[in-house]
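Here are my notes on the model you sent. Please read them with the structure open beside you.

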Amino acid sequence: MPRPSLSRDEILDTAANLVKQHGPGALTMRKLAAELGTAVTSIYWHVGNRESLLDALVERTVADLGELRPTGGTPAQRIVSVARALRRRLRDHPHLVAMVHERGLTEQMFLPAQEVLVREVHAAGLHGARAAEVVRAVQFHVVGHVLVERNRERAPVQRPGEEELWGARTADGDPALARALAAPIDTEKVFTTSIRALVTGLLEAPPRGAGTGATVN
């Protein structure tokens, strides 16, 4: 029996879930109608044809990445919080993000996050080219990390694996290091450690042309 009512948001939610689980190729109007328990004509009435539906999903994804809210007591902490939130959004919606990229809207998608980063970098006292370097470095670090994670997840089983490759010889006689590198990777921890180090280094780096007497701890 057809559903008595149906909203555009419900259609988009269900379509986004199908794309998330199975990829854009699995999103057909018939499959979507079956998931919603309604007629295909009802979906056309609310969102138009399949291309219009995909465009609406792309617009929603772009808007979703614009809702990042920094947290923390210092500019560095707030920049790190934005980077972590951006990574989570990209990780949660890989197929939707790919659709955004295919439609040439990648720069527009990242603009809201960049604007948040700009405000925090300004709050840290950086402006101009130095501020731009921080914004770009954080964005590239997030995207690069997500790509590495996705590639590892989709790669075939490795033989030999890391647990077999790391030993006393390859770890330069450091058994604790060998055990750590042979263990499963905590990608969240790796990302948090690396983005904190990156942001701290960028914000504390002396301006170009300044003296080189500073030490690195």
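Helices (H or I, at least four residues) and strands (E, at least two) are DSSP runs, numbered from the N terminus.

1. **Ground rules.** This is a predicted model, in which local features need pLDDT of at least 70, side-chain atom pairs count only at pLDDT 80 or more, and totals for chains, interfaces and linings use all residues. Residues are numbered from 1 along each chain as its sequence is written, and side-chain values use heavy atoms, with hydrogens and water left out.

2. **The annotated segment.** The unreviewed UniProt entry carries the annotation "DNA-binding region" over residues 28–47. UniProt positions are given in the numbering used here, the feature name is shortened, and such annotations may be inferred rather than shown by experiment. In the model, residues 28–47 are 80% helix and 0% strand.

3. **Thr 38.** Where does Thr 38 sit? Its place is the loop between α2 (29–36) and α3 (40–47). Thr 38 counts as buried because its relative accessibility is 17%. The classes are: buried under 20% relative accessible area, exposed over 50%, partly exposed in between (1.4 Å probe, protein chains only). Leaving out residues up to four places away in sequence, Thr 38 touches Leu 6, Ala 33 and Ile 43. Contact here means heavy atoms within 4.5 Å.

4. **Domains.** The chain is divided into domain 1 (7–48) and domain 2 (66–204). These bounds come from an automatic or database domain assignment. The domain centres, taken over C-alpha atoms, are separated by 32 Å. Five residues of domain 1 are in contact with four residues of domain 2.

5. **Salt bridges, starting with Asp 13 and Arg 60.** The whole structure has eleven salt bridges. The criterion is a side-chain nitrogen of Lys or Arg within 4 Å of a carboxyl oxygen of Asp or Glu. Asp 13 and Arg 60 meet in one of them, at 2.6 Å, N to O. This pair links distant parts of the chain: Asp 13 is in helix α1 (residues 8–22) and Arg 60 in helix α4 (residues 50–64), 47 residues apart. Asp 13 has a relative accessible area of 44%, so it is partly exposed. Arg 60, at 28%, is also classed as partly exposed.

6. **Glu 51 and Arg 103.** The side chains of Glu 51 and Arg 103 form a salt bridge at 3.2 Å, N to O. Here too, distant parts of the chain are linked: Glu 51 belongs to helix α4, while Arg 103 is in the loop between α6 (94–102) and α7 (106–123), 52 residues apart. Glu 51 is partly exposed at 43% relative accessibility. Arg 103 is partly exposed at 28%.

7. **Glu 188 and Arg 84.** What is the N to O distance in the salt bridge between Glu 188 and Arg 84? It is 2.8 Å. Glu 188 lies in helix α11 (residues 187–204) and Arg 84 in helix α5 (residues 75–92), 104 residues apart. Glu 188 is partly exposed at 26%, and Arg 84 is partly exposed at 25%. Both belong to a network of salt bridges that links Arg 84, Arg 87, Arg 91, Glu 149, Glu 153 and Glu 188.

8. **Glu 120.** Is Glu 120 buried or exposed? Glu 120 is buried, because its relative accessible area is 8%. Its place is in helix α7. Beyond residues up to four places away in sequence, Glu 120 touches Pro 70, Pro 75, Arg 78 and Ile 79.

9. **Ala 83.** Ala 83 lies in helix α5. Ala 83 counts as buried, at 1% relative accessibility. Its contacts, not counting residues up to four places away in sequence, are Val 138, Val 142, Phe 191 and Ile 195. Ala 83 and Phe 140 are 57 residues apart in sequence and 10 Å apart in space, C-alpha to C-alpha.

10. **A nonpolar surface patch.** Leu 165, Trp 166, Leu 177 and Leu 181 form a nonpolar patch on the surface, with about 310 Å² of accessible area together. Patches are made of residues with over 30% relative accessible area and no salt bridge; like charges are joined within 9 Å, nonpolar side chains (Val, Leu, Ile, Met, Phe, Trp, Tyr) within 5 Å. Accessible areas come from the Shrake-Rupley method with a 1.4 Å probe, and for residues only the protein chains shown count as cover. Leu 181 is found in helix α10 (residues 175–182). Leu 181 is partly exposed, at 33% relative accessible area.
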